[in-house]
Amino acid sequence: MQLFVVPVTGALLKENNDDLFQEIAYARRKNIPILPLMEEEGLDDLFNERFGALQYYAPHRKDIAAVSFEEKLGKYLDRILPYPDR
């Protein structure tokens with residue numbers, strides 16, 4: 001596994017998801033990049049309680065001065081995934 005993508009919803013954060021958090025712990029131990037995708041607004045505090053200091057992408061946030069979600073995601077994936085042709 002080269003990347004662990006987690007779609008983050010209120011249900012995910014509010015329910016007991018021991019299996020998921022064991023997978024996240026495994027990814028951290030093996031230095032596998034984790035990419036949480038915040039699917040809903042207003043979950044920041046609950047996310048931080050469950051995941052700790054882990055950055056996430058929130059495509060729903062709009063800031064005209066900010067870099068677009070697609071551009072951020074592209075740069076992030078370019079940085080962490082190996083490309084044998086490069």
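This is a predicted model: local features need pLDDT of at least 70, side-chain atom pairs count only at pLDDT 80 or more; totals for chains, interfaces and linings use all residues.
The protein holds four helices and two strands. Read from the N terminus, these elements follow the order β-α-α-β-α-α. Some totals for the protein are set out below.

| Property of the protein | Value |
|---|---|
| Share of the 86 residues that is buried | 30% |
| Share of contacts with a separation of 6 or more that joins residues 24 or more positions apart | 58% |
| Accessible surface | about 6,200 Å² |
| Share of the accessible surface that belongs to carbon and sulfur atoms | 49% |

The chain opens with Met1, which lies in the segment before β1 (4–8). Is Met1 buried or exposed? Met1 is exposed, because its relative accessibility is 58% and the cut-off for exposed is over 50%. Met1 and Pro33 are 32 residues apart along the chain, and 9.3 Å separates their C-alpha atoms.

Next comes the strand β1. In a regular strand, side chains alternate between the two faces of the sheet. In β1, the covered face consists of Phe4, Val6 and Val8, while Val5 and Pro7 form the uncovered face.

Which strand is joined to β1? The partner is β2, made up of residues 34–38. The two strands run parallel, with five bridges between them. Val5, on the uncovered face of β1, has Leu35 of β2 as its bridge partner.

Definitions and conventions: Residues are numbered from 1 along each chain as its sequence is written. Side-chain values use heavy atoms; hydrogens and water are left out. Buried means under 20% relative accessible area, exposed over 50%, partly exposed in between (1.4 Å probe, protein chains only). Contact means heavy atoms within 4.5 Å. Accessible areas come from the Shrake-Rupley method with a 1.4 Å probe; for residues, only the protein chains shown count as cover. Two strands pair if DSSP finds at least two bridges between them.
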